[in-house]
Amino acid sequence: MNPTINKYAIAGMLGAAAVLTGCASHCCQRSSMSGHDGATLFGTAPDGAPVYLYTLKNKSGAEAKIITYGGIIQSLEMPDKSGKLGDVVLGYDRLDDYVTNSPYFGALIGRYGNRIAKGHFTLDGVTYTIATNNFPNTLHGGVKGFDKVVWHVDGSSAQSLALSYASHDGEEGYPGNLTVKAVYTLTDDNSIKLEYAATTDKDTVVNLTQHSYFNLAGHGDILNHQVYLNADKFTPVDSTLITTGELKPVDGTPFDFRTPTAIGARIGQDDEQLKFGKGYDHNWVVNHAMGELGLDARVTEPTTGRILEVWSTEPGLQFYSGNFLDGSMTGKGGWVYQFRNAFAMEPQHYPDSPNHDNFPSVVLHPGDTYHNTIIYKFLTQ
């Protein structure tokens, strides 16, 4: 089964691109210290390329800041129940910190999000060896995934930003020249909409996702956040966090979030899967058809009244409870990021799919278009 092309999502992306066309002819021509239109210089990448920060703002005052290094969502200001804006994602104030010590804060993940077992997969009878950066496995694209490259700006407007990146054949060991386009839109209903598309000139595997670390309270641990997951099954892992290939029912396990449950309610239970992940770091099999936009998750923070809904066209959702945050990183405004100070909700294909024929295919063929739409929608109660 080829990656599904969703006609409605494609139309949305093309529409967003059309909105940006007016500035695309000149926005990308500037690389001076004054920056692109609507952007400020955020720093200089290790290869000397300038990195810009774009600020998107909607009519209600919500704001998203995105940097061209890694396609990173650097800041996301959303209202609480009293209308007060607050930043709900973790990150850094300086580019150097993203370069030297970031666990994928806010990044666009690729060429393959999540893990591939032992850095190997076979495609068209050829075995490919890819970089193992999460021993003994590959994680989030390899040593220099899409989170560590400077993306090209195709255009911007007050509420949208279009980026692109050309990944060459053999980059990090993956086959095919892959052209990736990403459109970020901050909508007037307080959603950040991400639309990814990719094409290739050779059979390859692709699995793109977004890796924001959310804290709907703004600070502190996330154990009181209430989580609903629209999933009857999840994919168990081994001790190296590689999926076993099983689609396991959530019934009777700490992985059943079909009724809203606090993240901390069962995270400390004597459960092998929780021990392997040091908490939640697993893929759920969502209950909507691949390629159709559907609700994956809803997270509620009771103190601020903020609600995050996660919508996507993907077959899986990786829910991660910030288990590897350890106090070694000082983020925006001097906040030291401690154990479980954030969670991630990453819509994607299942981990290690190239090595499991029973999982939805991640193979992209020449002439086809990969597409993935993710919407993070913010509400209050």
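Two strands count as paired where DSSP finds at least two bridges between them; strands (E, at least two residues) and helices (H or I, at least four) are DSSP runs, numbered from the N terminus. The legends below describe a predicted model, in which local features need pLDDT of at least 70, side-chain atom pairs count only at pLDDT 80 or more, and totals for chains, interfaces and linings use all residues. Residues are numbered from 1 along each chain as its sequence is written, and side-chain values use heavy atoms, with hydrogens and water left out.

**Figure 1. Pairing of strands β12 and β13.** Strand β12 (residues 160-167) runs antiparallel to strand β13 (residues 178-186), and eight bridges join the two. Within this pair, A166 lies opposite T179 of β13.

**Figure 2. The open sheet of nine strands.** The strand order is β11-β12-β13-β14-β29-β23-β22-β17-β20, with antiparallel pairing.

**Figure 3. The hairpin of β8 and β9.** Four bridges pair strand β8 (residues 120-123) with strand β9 (residues 126-129) in the antiparallel sense. F121 has Y128 in β9 as its bridge partner. Two residues lie between the strands, and D124 adopts a positive phi near 55 degrees in this hairpin.

**Figure 4. The largest pocket.** A pocket is an open set of points on a 1 Å grid over the protein atoms alone, with protein on both sides within 12 Å along at least five of seven lines; its lining residues have an atom within 4 Å of a point. Grid points are joined across faces, edges and corners, and a volume is the space filled by probe spheres set on the points. The volume of the largest pocket is about 520 Å³. Its lining comprises 27 residues, of which P103, Y104, N134, L139 and Y213 are the closest to the centre. Two or more lining residues come from each of α2 (95-100) and β24 (316-320), and α2 gives the most, with three. By class, the lining has twelve nonpolar, ten polar and five charged residues (nonpolar: Ala, Val, Leu, Ile, Met, Phe, Trp, Tyr, Cys and Pro; charged: Asp, Glu, Lys and Arg; polar: the others, Gly among them).

**Figure 5. The largest cavity.** A cavity is a set of grid points where a 1.4 Å probe fits but cannot get out. The structure contains four cavities of 30 Å³ or more, and the largest cavity has a volume of about 60 Å³. Y69, I72, Y98, S102, Y104, A107, D147 and K148 line the largest cavity, a set of five nonpolar, one polar and two charged residues.
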